[in-house]
Amino acid sequence: EYFAGLEERRYKTLADARARAPKIDWQAQPTPICPNVLGSTAVECDLESLVPFIDWNPFFAVWQLRGKYPNRGYPKIFNDATVGSEAKKVFDEANEMLKEIIASKSLSAKAVVAFFPANTVGDDIEVYADETRSEVKAKLCTLRQQAENDVEDVYTAMSDFIAPKSSGIKDYVGMFACTAGIGLDKIIAQHEANNDDYKKIMAQALADRLAEAYAEKLHLDVRRDHWGYAAGEQLDTDDMLKIKYTGIRPAPGYPSQPDHTEKTVMWDLMKPQDAAGIELTESLAMLPAASVSGLYLANPCSKYFSLGKICKDQVQEYAQRKGMPLADIERWLMPTLGYDI
């Protein structure tokens with residue numbers, strides 16, 4: 001039934017989907033705030049400052065510990081009759097290891113944030129070299145929903161959340177890459193030498209949690225300070241994890257933009273390999289592995305969405321816009337294709 005449903009799913013043509021893009025009255029929107037510093041900035045922080053930003057729920061998933069209602073999620077999982085005691089045990093041991101890592105400084109965290117003048121042209125975000133906006137430094141390509149929506153007849157792309165060039169409004173885009181995995185290879189090697197798989201997995205899980213926590217803290221610092229478009233924001237960590245703040249940080253390879261190749265544009269712009277030691281592999285994974293990257297969009301209308309399946313008319317045009325062979329784009333977008341190749 002599931003696959004039959006996929007076959008029966010209906011799609012809008014790309015032209016129809018664009019005609020049904022979110023309607024934003026840009027003249028009625030607040031004037032976009034210019035970031036305090038344009039270009040790239042290297043950022044460092046101590047691990048201890050990241051601890052309050054840790055989302056522990058994915059940590060328990062690593063150990064396949066899942067509480068049943070009403071004890072799903074941290075910290076209620078500790079009350080679960082089946083997994084509660086085991087969850088508390090690994091949590092306590094994780095915090096012991098975390099204290100050791102912080103005290104010994106065996107892991108360190110680095111990041112880079114970058115902000116640029118930007119406007120959209122069609123479904124692409126033009127990134128300008130400076131405020132004269134005369135030179136297009138790079139182009140961030142986005143993808144638009146095409147699967148028919150029974151709830152609302154709106155088809156979204158990330159470019160919808162930045163002011164169109166034709167509006168005459170000066171807008172901006174931000175981006176970041178952060179890691180908490182500097183030194184992790186040495187820690188893993190030590191545990192492997194001791195044949196201690198448990199501590200190896202624990203260290204990897206903690207580094208991942210710290211990297212995600214850094215992304216959360218960095219986004220807060222961006223909203224309040226680096227960009228400053230929400231300078232007076234006062235949210236606790238729970239509200240931040242529930243995404244109650246203004247703006248989003250979508251990442252290539254995730255539902256709003258599943259194309260990992262967009263990372264290469266970001267790396268060319270902000271140079272995280274130089275500023276933070278974060279590199280891209282041939283498969284466009286990040287090294288160190290405990291790293292996070294994404295874009296910053298500040299408009300109050302911006303929201304996360306899932307692209308869903310898309311059609312060949314869009315994929316063909318997308319390949320042309322990116323200057324890449326169609327076969328290469330189809331390979332990168334394979335899980336997103338709404339057609340057979």
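Trainee: Does Glu233 count as buried or exposed?

Mentor: This is a predicted model, in which local features need pLDDT of at least 70, side-chain atom pairs count only at pLDDT 80 or more, and totals for chains, interfaces and linings use all residues. Residues are numbered from 1 along each chain as its sequence is written, and side-chain values use heavy atoms, with hydrogens and water left out. Buried means under 20% relative accessible area, exposed over 50%, and partly exposed in between (1.4 Å probe, protein chains only). Because its relative accessibility is 10%, Glu233 counts as buried.

Trainee: Where does Glu233 lie, and which residues does Glu233 touch?

Mentor: Helices are DSSP runs of H or I with at least four residues, strands are runs of E with at least two, and both are numbered from the N terminus. Glu233 lies in the loop between helix H6 (197-226) and helix H7 (237-241). With contact meaning heavy atoms within 4.5 Å, and not counting residues up to four places away in sequence, Glu233 touches Leu220, Arg223, Arg224, Met240 and Tyr245.

Trainee: How many salt bridges does the structure hold?

Mentor: Side chains of opposite charge can pair when their charged atoms come close. A salt bridge is a side-chain nitrogen of Lys or Arg within 4 Å of a carboxyl oxygen of Asp or Glu. The number of salt bridges in the structure is 22.

Trainee: What is the N to O distance in the salt bridge of Lys217 and Asp221?

Mentor: Lys217 and Asp221 are four residues apart in helix H6, so about one helical turn separates them. Lys217 is buried, with a relative accessible area of 17%. The side chains meet in a salt bridge with an N to O distance of 3.0 Å.

Trainee: How many residues apart are Lys322 and Glu262?

Mentor: The side chains of Lys322 and Glu262 meet in a salt bridge of 2.4 Å, N to O. Lys322 is buried at 19% relative accessible area, and Glu262 is buried at 3%. The pair links distant parts of the chain, with Lys322 in helix H10 (residues 312-322) and Glu262 in helix H8 (residues 262-270), and the separation in residues is 60.
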